[in-house]
Amino acid sequence: MNAINEFLDAWGADLWESTIQTFQMVGISLAISILIGLPLGILLVLTRPGKALDNKFVYNVLNVVINVIRSVPFIILLFFILPFTKFIVGTSIGVKGVIVPLVIYTAPYIARLMESALLEVDRGVVEAYEAMGIKTRHIIWNVLVRESRSSIVLGLTIATIGLIGATAMAGLVGGGGLGDLAYRYGHLRYEVDVMYVTVILLIILVQGLQSLGNFWAAKLKKD
């Protein structure tokens, strides 16, 4: 107990601040990525051949752009767009400085997950609504999104966990958060206790999010 108290006295404030920064990065980036990724996923589905807004050009352009971005590992993307990040937000370090690369990395991933979830909806259900003359925008929200809620939640859970991993890598450019703390003190200064605690905190965070996502998805599926 004395060792734990001494550790908390020495690192408690830093751990708390880093945890809050991680939540800030994940929360802000996830919210913006959903606002971009969900419409992109819907557009990918609707512009596919044979779908309501069949448009080969739009579909192919979106498909290529999303695949290209997803092909770049986050750590490379992080450094590659540093000038663009600085232009957009005025800095390339700290929590503010990693939001742009996190969004660029996560939004296409969410778009793909949303596309996959929406394509799981029974085609017969969609055709029945189309036969009744229901407008496409109503079919999107009242059929596609509603019928795929469970898969969407699971997809967003996966995306959130991936985003947590990306925020840890953001520590390499002074992005803050638990990854930054583990890198600066646990790795560079050989404070192994800090490394172990940050790893444990990240494991708890991921396990908690996955359990919550599974519970929510199961509940929506029953409804």
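Angles under 35 degrees count as roughly parallel, over 145 as roughly antiparallel, 65 to 115 as roughly perpendicular, and the rest as oblique. What you have here is a predicted model, where local features need pLDDT of at least 70, side-chain atom pairs count only at pLDDT 80 or more, and totals for chains, interfaces and linings use all residues. Residues are numbered from 1 along each chain as its sequence is written, and side-chain values use heavy atoms, with hydrogens and water left out.

**Overall build**
- The protein has ten helices and zero strands; helices are DSSP runs of H or I with at least four residues, strands are E runs of at least two, and numbering goes from the N terminus.
- Read from the N terminus, the element order is α-α-α-α-α-α-α-α-α-α.
- The C-alpha trace spans about 70 × 40 × 25 Å along its principal axes.

**Helix α1 on its own**
- With 45 residues, α1 covers 61 Å from first C-alpha to last, close to the 66 Å expected at 1.5 Å a residue (expected span is 1.5 Å times one less than the number of residues).
- There's a bend of about 60° in α1 at Trp11, taken as the angle between axes fitted to the seven residues ending there and the seven starting there.

**α1 against α2**
- Helix α1 (residues 2–46) packs on helix α2 (residues 56–71) at about 135°, their axes being 9 Å apart; axes are lines fitted to C-alpha atoms, for helices over the stretch in contact, and angles run from 0 to 180 degrees between N-to-C directions.
- The two helices, α1 and α2, are therefore oblique to each other.
- Their crossing is left-handed, meaning the near helix is turned anticlockwise from the far one by less than a right angle, with clockwise giving right-handed.
- On the α1 side, Leu40, Leu43 and Leu44 make the contact, meeting Val58, Tyr59, Leu62, Asn63 and Ile66 of α2 (contact means heavy atoms within 4.5 Å).
- Sorted by class, that α1–α2 contact has seven nonpolar, one polar and no charged residues; Ala, Val, Leu, Ile, Met, Phe, Trp, Tyr, Cys and Pro count as nonpolar, Asp, Glu, Lys and Arg as charged, and the others, Gly among them, as polar.

**α1 against α8**
- The axes of α1 and helix α8 (residues 149–169) come within 10 Å and cross at roughly 135°, which makes α1 oblique to α8.
- This α1–α8 crossing is right-handed.
- Thr22, Met25, Val26, Ser29, Leu30 and Ile34 of α1 touch Leu156, Thr160, Leu163, Ile164 and Thr167 of α8.
- The α1–α8 contact counts seven nonpolar, four polar and no charged residues.

**α6 against α7**
- Helix α6 (residues 123–131) and helix α7 (residues 136–147) cross at roughly 150°, with axes coming within 10 Å, so α6 and α7 are roughly antiparallel.
- Handedness for α6 and α7 is right-handed.
- Val125, Val126, Tyr129 and Glu130 of α6 meet Ile139, Val143 and Leu144 of α7.
- Six nonpolar, no polar and one charged residue make up the α6–α7 contact.
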